[in-house]
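User: I would like to go through this model term by term, asking what stands behind each label. Please set each value against its definition before you conclude.

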Amino acid sequence: EESKVLFSVIGMTCAACAGSVEKAVKRLPGIKEAVVDVLNNRAQVMFYPAFVNEEMICETIEDVGFQATMIK
Ligand code: 9UX
């Protein structure tokens, strides 16, 4: 069964920022879907917890250069 987690992503200022976050998250194993909303500073990620977890996703977003926090 998949998990769905919403992240706050601070620092994205244009659509390409959102694109790079989305691309990086989707490169992780076990990601079903990643939708990044630059206007609302949010990333919604659906994933399979057997392969990846919230912390790995959070760290990946931070590696791209943004401040990420799990919301729920
Ligand atoms: Mo847009 Mo984001 O020109 O780091 S890609 S600001």
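User: What makes the shell around the ligand nonpolar, polar or charged by class?

Analyst: In this predicted model, the shell around the ligand holds 3 nonpolar residues, 1 polar residue and no charged ones. The residues concerned are Thr13, Cys14, Ala16 and Cys17, and a residue is taken as near the ligand if its C-beta atom, placed from the backbone, lies within 6 Å of it.

User: How do you know which residues and features may be read in this model?

Analyst: Residues are numbered from 1 along each chain as its sequence is written. As the model is predicted, local features need pLDDT of at least 70 and side-chain atom pairs count only at pLDDT 80 or more, whereas totals for chains, interfaces and linings use all residues. The pLDDT, which is the predictor's confidence in each residue from 0 to 100, averages 97 in the protein, and 100% of the residues score at least 70. The model scores ipTM 0.89 and pTM 0.95.

User: Why does the radius of gyration of the protein agree with that of a compact globule?

Analyst: The rule for a globule is 2.2 Å times the number of residues to the power 0.38, with the radius taken over C-alpha atoms. For 72 residues this gives a value near 11 Å, and the protein has 11 Å, so the two agree. Along its principal axes the C-alpha trace spans about 35 × 20 × 15 Å.

User: What makes strand 2 and strand 3 a pair?

Analyst: Two strands pair if DSSP finds at least two bridges between them; strand 2 and strand 3 are joined by 6 bridges and run antiparallel, which meets that definition. Within this pairing, Asp37 stands opposite Arg42 in strand 3. Strands here are DSSP runs of E with at least two residues, and helices are runs of H or I with at least four, numbered from the N terminus; the protein has 2 helices and 4 strands, in the order β-α-β-β-α-β.

User: Why is Asn41 called partly exposed?

Analyst: A residue is buried if 20 or more other C-beta atoms, placed from the backbone, lie within 10 Å of its own, exposed if 12 or fewer, and partly exposed in between. Asn41 has 17 other C-beta atoms within 10 Å, and is therefore partly exposed. Asn41 lies in the loop between strand 2 (31-37) and strand 3 (42-47), and has a positive phi of about 55° although it is not a glycine.

Terms used:
Nonpolar A, V, L, I, M, F, W, Y, C, P; charged D, E, K, R; others polar.
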